[in-house]
Amino acid sequence: MDILSLFIIVPVLTILALVFTKGLKQARITAMVGSLIQLGMAINLVFSYFKERAVNDSIMLFTKDMLWFKNFNIHYAIGVDGISVALLVLTSIIVLAGVFISWKMEDLPKEFFISLLVLSTGVYGFFISIDLFTMFVFYEIAVIPMYLLIGIWGSGPKEYSAMKLTLMLMGASALLLVGILGIYLNSNADGGALTFNILEIAKVHIPFAAQKIFFPLTFLGFAVLGAMFPFHTWSPDGHASAPTAVSMLHAGVLMKLGGYGIFRIAMYLLPLGAIEWSWFFIILAAIGVVYGAFGAIRQTDLKYINAYASVSHLSLVLFALLTLNKIAWNGAILQSLSHGLLTALFFALIGMIYGRTHTRDINKLGGLMKILPFIGAVYVITGLAYLGLPGFSGFVAEMNIFVGAFEHPDMFHRVLTILAVSSIVVTAVYILRLVGKIMMGPIIDEHHKDLPKATWYEKTGVLLLLIPIIGMGVAPIWLSDMIMASLQPFIKGVLKI
């Protein structure tokens with residue numbers, strides 16, 4: 001059995017085991033064990049990757065190719081580079097943390113964990129696929145469970161939020177499918193056979209006329225999932241209505257498919273289209289960076305604050321990719337990882353606060369540091385990391401993005417970079433105001449004085465996310481080097497046309 005297919009098989013086996021469980025205790029233990037195995041596999045993959053990379057300089061490692069559908073030359077083709085390995089580790093951490101945060105889920109727990117693992121299966125499959133059609137199938141597998149997870153286990157206007165999210169992402173999927181088929185139909189431009197294989201298509205010189213048409217379709221298909229302005233409106237509503245673990249996976253993992261797909265497919269396979277359209281989309285991305293920050297500062301609901309902050313930080317990923325600069329690209333991948341951990345941790349803490357106080361309104365919260373010292377301390381640390389304080393993951397990522405973006409000698413890119421940098425100030429304002437108001441301020445509601453402290457499973461879920469946030473900030477070099485090594489094919493294919 002190849003090492004990558006296990007990322008599909010283990011979640012599926014866990015799902016099958018969950019089908020036969022009875023009661024909450026069996027369901028959560030089964031989900032925990034399956035998620036622990038996935039994390040162990042991801043850590044093992046990191047060591048295996050470095051060992052294999054030392055003797056193998058192929059673009060993708062641990063590749064496997066099996067014919068799936070002969071008529072259209074569709075293959076079950078998988079492989080990983082340093083970027084996808086890092087995202088697999090991110091996914092496994094957030095899935096396990098989500099299981100611990102949902103430890104007390106009492107409403108259809110078996111079905112909840114099954115849906116959560118179906119989503120994670122799609123994400124794993126997407127990150128390891130190197131066949132466009134297979135990748136699209138896993139993309140759909142990852143997106144569809146969100147409707148059930150929000151519509152059944154959500155709160156507030158959950159049906160509206162679930163339907164809005166589904167319709168917008170399905171619309172984006174339609175654009176994406178047209179883009180993928182356009183790439184496929186031009187994959188024989190050099191006289192070869194039609195193929196969905198990313199590595200084979202990257203060797204083909206797709207006509208510029210085709211790239212101009214299919215790049216924006218493919219880009220937008222992924223950018224909607226990446227919450228790009230003005231197609232972001234589904235995201236805050238989805239976050240606000242989703243249960244805690246679903247918000248964690250939604251923002252921490254699922255939305256990463258957008259930036260990864262843009263980089264791996266749209267930009268790598270359609271480099272001339274990327275150069276042609278980058279000026280237009282980078283304007284939208286820069287607007288999204290600032291708009292998301294100002295959107296967050298105007299909110300009073302903790303989830304909406306984090307949701308709009310996510311729009312800002314994910315727009316920063318798209319901004320970095322569209323600069324067409326290798327340093328900024330490195331920052332984009334680091335930002336994807338950092339944002340995944342930070343936003344998942346924020347949503348976990350918000351869920352813990354809401355579960356005790358039954359409110360997310362910042363005007364009704366205060367003095368939580370005195371009442372919930374563990375949750376309060378971690379919330380402050382996470383806030384400082386989110387605004388880019390040195391020593392945490394956010395600083396490393398944003399420094400790479402802004403330094404790389406400002407390397408452009410033209411005034412257009414430098415003005416947009418200054419605009420994006422201004423979001424740091426706005427982020428600091430709403431983070432520090434939030435921390436000061438709900439953590440350091442006076443206790444507003446007397447009923448909050450006797451709130452239960454954080455449990456062992458909540459602390460476990462929180463620490464799973466906090467430790468790598470600090471680790472990335474203190475020792476980023478090994479991760480940055482791994483990503484830069486994997487960027488070489490993109491640098492040759494896009495930057496040196």
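Reply: A charge sits over a ring if NZ of Lys or CZ of Arg is within 6 Å of the ring centre and within 35 degrees of the ring normal. This is a predicted model, in which local features need pLDDT of at least 70 and side-chain atom pairs count only at pLDDT 80 or more, while totals for chains, interfaces and linings use all residues. Residues are numbered from 1 along each chain as its sequence is written, and side-chain values use heavy atoms, with hydrogens and water left out.

Me: Over which ring does the charged end of R360 sit?

Reply: The ring is that of Y354, with the charged end 5.4 Å from its centre. K459 lies over the face of F374, also with 5.4 Å to the ring centre.

Me: How is a pair of aromatic rings described?

Reply: By the distance of the centres and the angle of the planes. Rings of Phe, Tyr and Trp (its six-membered ring) pair if their centres lie within 6.5 Å; planes under 30 degrees apart are stacked, over 60 edge-to-face, and the rest tilted. The count here is 32 aromatic pairs. F69 and F72 form a tilted one, 5.5 Å centre to centre with 45° between the planes.

Me: What is the relative accessible area of F69?

Reply: It is 38%, so F69 is partly exposed; buried means under 20% relative accessible area, exposed over 50%, and partly exposed in between (1.4 Å probe, protein chains only). F72, at 43%, is partly exposed.

Me: Which kind of pair do F346 and Y386 form?

Reply: Edge-to-face, at 5.3 Å centre to centre and 75° between the planes. Both F346 and Y386 are buried.
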